[in-house]
Amino acid sequence: MNDQKLQAGTVPILRFTLDRSVIIAFGCIILMLLGGALYSREFLSPEYLLQQLQISAFLGIIASGAMMVILIGHIDLSIPWTVTLGAMMATAVAGWFGDIGNVVAIPVGVLCGALVGLLNGLGVAYLRLPSMIFTLGMNAVVQGLMVLHTGGFAPQDHATDAMHFMAVGRLFFGFPNALFIWIIVGGFTTYLLTRTAFGRRVYAVGNRESAAYLSGVNTNGVIIWCFVLSGAAAAFAGVLLAGYSTKAYQAMGDPYLLPAIAAVVLGGTNILGGKGNYLGTIAGVILITLLQSILAVMQIPEAGRQIIYGVVILVMLLGYGRGEIDRK
């Protein structure tokens with residue numbers, strides 16, 4: 001009954017549609033590729049495009065979790081050190097327990113990220129603390145614990161063979177394995193949001209939490225699960241990044257916070273919650289990856305890139321206008 005109320009009233013029909021934001025994002029992708037091709041023909045070569053898709057996969061997995069949290073009207077700022085936590089704990093378990101550790105390394109890394117997400121969700125849902133403040137504090141706590149535990153160094157010098165294979169291997173038709181993993185994660189996220197009662201509740205909470213609660217939705221449970229999924233996705237991406245770079249290292253997740261949020265927002269997901277689809281997030285991820293590549297070719301320093309990401313988020317926020325804010 002509750003799900004029928006949500007479907008009929010508070011939740012928009014969930015379709016894999018091309019709204020204006022998605023069309024603009026894909027249009028910008030085409031323009032950036034054409035502009036890059038004018039600079040160098042390599043921008044349109046299959047090797048370059050596959051490399052960009054492989055790099056996009058790591059950001060795409062992180063953005064998948066970040067999107068879940070943004071859809072409910074919150075934000076997860078613990079992503080940077082959750083990424084690092086997943087990578088370092090996975091390599092640590094492999095180093096501590098030998099062959100058994102190699103088997104359980106990846107699940108342990110993902111579970112550590114899910115635990116961080118659980119703590120974030122509990123703090124936001126039950127303590128009613130602002131997600132921006134609580135998750136930022138959790139990010140600092142995880143950072144301190146990892147530095148204290150490892151002494152500032154990775155517990156093991158190298159990632160496991162399985163992590164390396166998942167990140168850089170090419171098992172089918174020359175396509176990167178990381179791309180297939182992103183497709184699986186993206187398919188799961190899309191199914192969750194468009195084909196399940198939980199997905200309808202996510203949009204309901206994002207549209208108006210009080211109305212969803214009065215309709216009988218366990219809003220605290222929805223918030224907690226969204227943060228758990230965000231933490232697990234960030235940690236899983238960290239595991240893959242460790243495989244990509246062959247090792248885990250301190251602060252390896254720092255470059256992914258603003259790009260992940262920017263990718264979700266550029267794809268049309270309302271940062272105030274309640275609106276967005278995964279196709280837009282895919283477009284945003286690819287757009288941000290190409291932007292990073294072009295900025296790197298133009299030799300713009302990291303500080304300049306961060307400024308650009310921040311400006312993008314602010315411009316998109318202004319684009320929603322006061323009407324969206326008043327609706328909340």
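Helices (H or I, at least four residues) and strands (E, at least two) are DSSP runs, numbered from the N terminus. The model is predicted, so local features need pLDDT of at least 70 and side-chain atom pairs count only at pLDDT 80 or more, while totals for chains, interfaces and linings use all residues. Residues are numbered from 1 along each chain as its sequence is written, and side-chain values use heavy atoms, with hydrogens and water left out.

**Exercise 1. Describe the chain as a whole.**

Task: State how many helices and strands the chain has, and what percentage of its residues count as buried.

Solution. 
Step 1. The chain has 13 helices and 0 strands.
Step 2. Buried means under 20% relative accessible area, exposed over 50%, and partly exposed in between (1.4 Å probe, protein chains only). By this rule, 52% of the 328 residues are buried.
Step 3. The accessible surface, from the Shrake-Rupley method with a 1.4 Å probe (for residues, only the protein chains shown count as cover), is about 15,200 Å² for the chain, and carbon and sulfur atoms hold 69% of that surface.
Step 4. A contact means heavy atoms within 4.5 Å. Among contacts with a separation of 6 or more, 79% join residues 24 or more positions apart.

**Exercise 2. Examine helix 7.**

Task: Describe the length of helix 7, name some of its buried residues and state what covers them.

Solution. 
Step 1. Helix 7 (residues 177-195) has 19 residues. The expected span of a helix is 1.5 Å times one less than its number of residues. From first C-alpha to last, helix 7 reaches 26 Å, close to the expected 27 Å.
Step 2. Its buried residues include Trp 182, Val 185, Gly 186 and Leu 193.
Step 3. The cover of these buried residues includes helix 3 (46-71), helix 6 (161-168), helix 8 (197-207), helix 10 (219-245) and helix 12 (278-297).
Step 4. Gly 186 is buried because its relative accessible area is 6%. The C-alpha atoms of Gly 186 and Ala 57 are 9.9 Å apart, although 129 residues separate the two along the chain.

**Exercise 3. Explain why helix 8 is largely enclosed by the rest of the structure.**

Solution. 
Step 1. Helix 8 is largely enclosed because 9 of its 11 residues are buried.
Step 2. Among these buried residues are Phe 198, Arg 200, Tyr 203 and Asn 207.

**Exercise 4. Classify an aromatic pair.**

Task: Decide whether Phe 172 and Phe 180 are stacked or edge-to-face.

Solution. 
Step 1. Rings of Phe, Tyr and Trp (its six-membered ring) pair if their centres lie within 6.5 Å; planes under 30 degrees apart count as stacked, over 60 as edge-to-face and the rest as tilted. The count by this rule is 3 aromatic pairs.
Step 2. Phe 172 and Phe 180 lie 5.9 Å apart, centre to centre, with 80° between their planes, and form an edge-to-face pair.
Step 3. Phe 172 is partly exposed at 44% relative accessibility, and Phe 180 is partly exposed at 29%.
Step 4. Phe 172, Phe 175 and Phe 180 form one aromatic cluster.

**Exercise 5. Describe the surroundings of Asn 120.**

Task: Is Asn 120 buried or exposed, and which residues does it touch?

Solution. 
Step 1. Asn 120 lies in helix 4 (residues 79-125).
Step 2. Asn 120 counts as buried because its relative accessibility is 0%.
Step 3. Leaving aside residues up to four places away in sequence, Asn 120 touches Asp 76, Ser 78, Phe 134, Thr 135, Met 138 and Phe 227.
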